[in-house]
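Take a look at the sequence and the fold below.

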Amino acid sequence: MKNAKLFLKGTLLISSLFVLSQCKPMPNSTAENEKTFIVGPETADCTGVAPMKCLQVKEKASDSWQNFYTNIEGFTYEPGYEYVLKVKTEKIENPPMDASSIKYTLIKQVSKTKK
């Protein structure tokens with residue numbers, strides 16, 4: 001009887017450790033998955049799957065404008081304004097071949113300046 005209790009306790013402990021080791025931490029916003037983007041006042045012609053208009057984006061004022069081929073969830077662009085945005089980035093598991101492997105979500109619109 002004593003051995004059976006000891007066996008059950010040991011089995012319970014090992015099972016608990018196994019279950020806990022399989023848990024993944026909840027994703028949260030940290031400095032490594034947050035970016036600040038400067039979005040330009042005009043879009044540019046670009047080609048993704050088909051010809052389209054791309055936002056012009058840079059991370060620092062001293063950087064050159066780059067085409068941004070995807071959208072920022074929660075952000076509505078209005079031509080003629082320069083924006084400073086704080087966005088969250090999330091890696092997408094198994095994205096479609098013609099889509100970005102990163103999802104961008106607006107955290108905060110820091111500024112909107114008429115240009």
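Q: Leaving aside neighbours within four places in sequence, which residues are in contact with Val57?
A: This is a predicted model. Contact here takes heavy atoms within 4.5 Å. With sequence neighbours within four places set aside, the partners of Val57 are Phe37, Ile38, Val39, Ser64, Trp65, Gln66 and Phe68.

Q: Which element gives the most residues to the largest nonpolar core?
A: The largest nonpolar core has 12 residues: Phe37, Val39, Leu55, Val57, Phe68, Ile72, Phe75, Tyr81, Tyr83, Leu85, Val87 and Tyr104. Strand E1 (34-39), E3 and strand E6 (81-91) each give two or more residues to this core. The top contributor, with four residues, is E6.

Q: How many bridges join strand E2 to strand E3?
A: E2 covers residues 44-47 and E3 covers residues 51-58. A hairpin of three residues links E2 to E3. Thr47 stands opposite Pro51 in E3. The two strands run antiparallel, and the number of bridges between them is four.

Q: Which residues form the disulfide, and how far apart are their sulfur atoms?
A: The structure holds one disulfide. A pair of cysteine sulfur atoms must lie within 2.5 Å to count. Cys46 and Cys54 form the disulfide, with their sulfur atoms at 1.9 Å.

Q: Why is the disulfide of Cys46 and Cys54 assigned a handedness, and which one?
A: The handedness follows from the torsion about the S-S bond of Cys46 and Cys54. That torsion is about 85°, so the disulfide is right-handed.

Q: Is Cys54 buried or exposed, and what is its relative accessible area?
A: Buried means under 20% relative accessible area. Cys46 has 7%, so Cys46 is buried. Cys54 is buried too, with a relative accessible area of 0%.

Q: What pattern does the protein follow along the sequence?
A: The secondary structure comes to one helix and seven strands. Read along the sequence, the pattern is α-β-β-β-β-β-β-β.

Conventions: Residues numbered from 1 in each chain as written. Predicted model: local features only at pLDDT ≥ 70, side-chain atom pairs only at ≥ 80, totals over all residues. Heavy atoms only, no water. Buried < 20%, exposed > 50% of the residue type's maximum accessible area, 1.4 Å probe, protein only. Pairing = 2+ DSSP bridges. Core = buried A, V, L, I, M, F, W, Y, C linked by side-chain atoms within 4.5 Å.
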